[in-house]
Amino acid sequence: MRTDPFRELDRMAQQLMGPGTWSRPSAMAMDAYREGNEYVVAFDLPGVSAEAIDIDVERNMLTVKAERRPVAKADTVQMELSERPLGVFSRQLVLADTLDTERIKADYDAGVLTLRIPIAERAKPRKITIGVDSARNVGGESSHKEISG
């Protein structure tokens, strides 16, 4: 079995810092991107049960917390290698005012938590029509344009 010195450094740093706790959680990996009329945020949470994930939105602050607990082992099991981090993981995101935080959808599949956050209707581009007041344009008066939305 070959060793990777960078993986060993990561493992040692994780051991020194210890597992994340509710007061001092570890960070979780994520991707964020726009897809059509919604923002998508995907968090990697392998080995975490859906019941151990907590999602909160307060004003425009999104908080995701998850806990990976140790697997119960029999007394006869002797651990040879343990690299999978345990404890609490958390991530906070400030959401733009243009997102509709009332309609966030959350799905959890194959260890990936995916949040879909729609763009608010008021933030979507819209066409402004220009109306012409035909009553004022009678008799050769200059045309008057009004902007209505």
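Helices (H or I, at least four residues) and strands (E, at least two) are DSSP runs, numbered from the N terminus. With that in hand, welcome to a protein chain that has 1 helix and 10 strands. This is a predicted model, where local features need pLDDT of at least 70 and side-chain atom pairs count only at pLDDT 80 or more, while totals for chains, interfaces and linings use all residues. Residues are numbered from 1 along each chain as its sequence is written, and side-chain values use heavy atoms, with hydrogens and water left out.

**The chain as a whole**

- Reading from the N terminus, the order of elements is α-β-β-β-β-β-β-β-β-β-β.
- The protein chain has 149 residues, and 23% of them are buried; buried means under 20% relative accessible area, exposed means over 50%, and partly exposed is in between (1.4 Å probe, protein chains only).

**The nonpolar core**

- A nonpolar core is a set of buried Ala, Val, Leu, Ile, Met, Phe, Trp, Tyr and Cys residues joined through side-chain atoms within 4.5 Å.
- The largest such core here has 18 residues, and Phe43, Leu45, Ile53, Val64 and Leu113 touch the most other members.
- Strands β3 (38-44), β5 (61-68), β6 (87-94) and β8 (112-118) are the elements that each give two or more residues to this core.
- Leaving out residues up to four places away in sequence, Phe43 touches a list of residues including Met28, Met30, Val64, Leu93, Leu113 and Leu115.

**A buried arginine**

- Arg68 sits in strand β5.
- Arg68 is buried but has no salt bridge, and the nearest side chain of opposite charge, Asp44, is 8.9 Å away. For charge, Lys and Arg count as positive and Asp and Glu as negative, while His and the chain ends are not counted.
- A polar atom of the Arg68 side chain lies 2.7 Å from the backbone oxygen of Pro46.
- Not counting residues up to four places away in sequence, the residues that Arg68 touches include Leu45, Pro46, Gly47, Val48 and Phe89.

**Salt bridges**

- A salt bridge is a side-chain nitrogen of Lys or Arg within 4 Å of a carboxyl oxygen of Asp or Glu, and the structure holds 4 of them.
- One of them joins the side chains of Arg116 and Glu35 (3.0 Å, N to O). Arg116 lies in strand β8 and Glu35 in strand β2 (residues 30-35), so this pair ties together parts that are 81 residues apart in sequence.
- Another salt bridge joins the side chains of Arg116 and Glu38 (3.0 Å, N to O). Because Arg116 lies in strand β8 and Glu38 in strand β3, the pair ties together parts that are 78 residues apart in sequence.
- Arg116 counts as partly exposed at 24% relative accessibility, and Glu35 counts as partly exposed at 40%.
- Apart from neighbours within four places in sequence, Glu38 is in contact with Tyr33, Arg116, Ile117, Pro118 and Ile119.
- The side chains of Glu67 and Arg69 also meet in a salt bridge (3.5 Å, N to O). Through shared partners, salt bridges join Glu35, Glu38 and Arg116 into one network.

- Asp107 lies in strand β7 (residues 105-109) and counts as partly exposed at 47% relative accessibility.
- Asp107 touches Val112, Leu113 and Thr114, not counting residues up to four places away in sequence.
- Ala110 is in the loop between β7 and β8. Ala110 has a positive phi of about 55 degrees although it is not a glycine, and at 74% relative accessibility Ala110 counts as exposed.
- Arg59, in the loop between β4 (53-58) and β5, likewise has a positive phi of about 55 degrees without being a glycine. At 77% relative accessibility, Arg59 counts as exposed.

Note on methods:
Contact means heavy atoms within 4.5 Å. A polar contact is a pair of N or O atoms within 3.5 Å; within protein, one must be able to donate a hydrogen and the other to accept it, and residues adjacent in sequence count only if both atoms are side-chain atoms.
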